[in-house]
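Subject: Structure handover

Hello,

Please find the structure below, with notes on what was found in it.

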Amino acid sequence: MSRRGFLSGLKTLSVLLGAEVVYGQFMPSGLIPAAFAQSDTPFEIAGKDGLVVLNDRPVNAETPAHLLDDKVTPANRLFVRNNGIVPSAPNPDTWTLTIEGESAKQSKIFTLNELKQRFKHYTYQLTLECGGNGRAEFSPAATGNQWTTGAVGCPKWTGVRLKDVLQAVGVNDDAVYIGYYGNDQHLSRTPGKAAISRGVPISKAMEDESLIAWEMNGDPLPIMNGFPLRLVFGGWPASTSGKWLSKIVIRNQVHDGAKMLGKAYRVPCEPVAPGTTVPDDEMCIIEAMPIKSLITYPQSGVQHKLSKALAVRGHAWCGSTSVKDMFTSIDFGQTWQKAELSRPANRHAWQHFSTRISFPQTGYYEIWAKAVDETGKAQPMVLPGWNPKGYLNNACHRVAVKVIA
C-alpha cells in the first residue's frame, strides 16, 4: 500500500503505536504518523492487494496499471472509491431494499433473500470507472482525489436486473430518473445526512445490463465494494453505481440527492479555458464515459533487449458503444500500428488488445495506446478539455521502455 494515505481510526493507531495518540483528533486526514514513515510494513485494506491509497477519510485507493492485467478484474484488485464511512458488519440476512418515489406505483420493501428468490439472476462483466480517473494530470490542478490511471476495473457481477424489480413495483409514465441511497454514513456522522445519493435517467435504469448485484466473480461483494448489495451501471461514472444499497427512488424529475448538484460529477456544458470559473448552471451531468484504454503489460520503466520483440497488451472501453480499433505508437504519435482487439464479453465490458513491438535501436521509448470507438471518436494524445473537477481524462495512456543491447 502507498504511504499517501493511512487507513486507521485513532483507536487502531493507538494499538499499533502502543500509546494513546495525544491530540490525535487534530491529525490531518491522510497523514501518516511519523513513527511509521520509515516502516517497511505495508498498510492494508481488507480484501485488497497492491492498491495505492489516496486517502483514508474516506477510504480511496487505486490499482497500478500493471496489476490490472487480468481480463476479468479480481476482487482484490478492484479500486475503492468511498464518499462516506463504510457500514460496520452489514448483515445480509436482515438487509432490505426499499423501492418508492413520486413515480412509483407503490412502495415496496424486499429482503435480500426475496430478491434472490423472486427474480431471475444475471451475470455480466461490466466496466466501472471513477469519473475522476486521470485527474492527477490536469493543469491547473483540479480538486479531489488525485487518481492516475487505476480507478477502473471490469469484474463479473451477478444479481437481478434493476428493470425487473422496478417493473414489479410499477413505474408511472412520468418517471424520468432513479436515485439511490446507501447505508454508508456521512463523514460528519450527522443522522439522516447522505454521504452520496446519485442516480441515472430511467432509460439507463431500464437497460438489460443495469444490475442490483450481490456477487463479484462468483463470491459475495467485498465490503469496500458494497457488500451485501449494490447497483452496477456499466459504462457510466462509478458514482452512479450505489453501494450498500438500501433504497431506490423512482423520480419524476432529475434526482437531486447528495453529489447530484453544483459541480459534483458535472463538466462544463461548453468548452472553457483552463482555470475558468464556471457557474453551476452551466455545468452538465456526466453520463456515458468516453473512449479510453490502458496498457497493462509491460509495466512502465521496464528494460527490454533490442533483439527481441516486446509483447504489449491491455484493455480498452467506451461507455456508450464498443471499441472498433486499437493502435500503439513508439514515436510519440507520429505513426500508429494497429493492434489485435477482442470483442467485449457483453455490452459495457472492456475489450482486450495485444501486439508485439520491435524497436529500431537502443534508447528510451514511450509506448502510447489509442482506442477508437465505432463512431470514429478516438482518444486524444494530450489532455482533453479542462474542467473544474478534473473529470473525464481519456488522454492516451503511455508507458516507458528502455531498450538495451
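The notes cover the cysteines, the aromatic pairs and the charges over rings.

This is a predicted model, in which local features need pLDDT of at least 70 and side-chain atom pairs count only at pLDDT 80 or more, while totals for chains, interfaces and linings use all residues. Residues are numbered from 1 along each chain as its sequence is written, and side-chain values use heavy atoms, with hydrogens and water left out.

Cysteines

A disulfide is taken as a pair of cysteine sulfur atoms within 2.5 Å. By this rule there is one disulfide. The bond joins Cys269 to Cys284, with an S to S distance of 2.0 Å. The link of Cys269 and Cys284 is right-handed, with 100 degrees about the S-S bond. It connects distant parts of the chain: Cys269 sits in the loop between strand S16 (266-268) and strand S17 (283-285), and Cys284 in strand S17, 15 residues apart. Strands here are DSSP runs of E of at least two residues, numbered from the N terminus.

For accessibility, buried means under 20% relative accessible area, exposed over 50%, and partly exposed in between, with a 1.4 Å probe and protein chains only. Cys269 is partly exposed at 36%, and Cys284 is partly exposed at 34%. Two further cysteines can be noted: Cys154 is buried at 0%, and Cys396 is buried at 9%.

Aromatic pairs

Rings of Phe, Tyr and Trp (its six-membered ring) pair if their centres lie within 6.5 Å; planes under 30 degrees apart count as stacked, over 60 as edge-to-face and the rest as tilted. The count comes to seven aromatic pairs. One of them is formed by Phe79 and Trp147, edge-to-face at 6.3 Å centre to centre and 80 degrees between the planes. Phe79 lies in the loop between strand S2 (59-62) and strand S3 (80-81), and Trp147 in the loop between strand S7 (128-129) and strand S8 (152-153), so the pair ties together parts 68 residues apart in sequence. Phe79 is buried at 5% relative accessible area, and Trp147 is buried at 0%.

Phe110 and Phe119 also form an edge-to-face pair, because their ring centres are 5.8 Å apart and their planes are at 65 degrees. Both Phe110 and Phe119 are buried.

Charges over rings

A charge sits over a ring if NZ of Lys or CZ of Arg is within 6 Å of the ring centre and within 35 degrees of the ring normal. Lys370 lies over the face of Phe327, at 5.9 Å from the ring centre. Lys370 also lies over the face of Trp336, at 4.2 Å from the ring centre.

Regards

Technical notes: Helix = DSSP H or I, 4+ residues; strand = E, 2+ residues; numbered from the N terminus.
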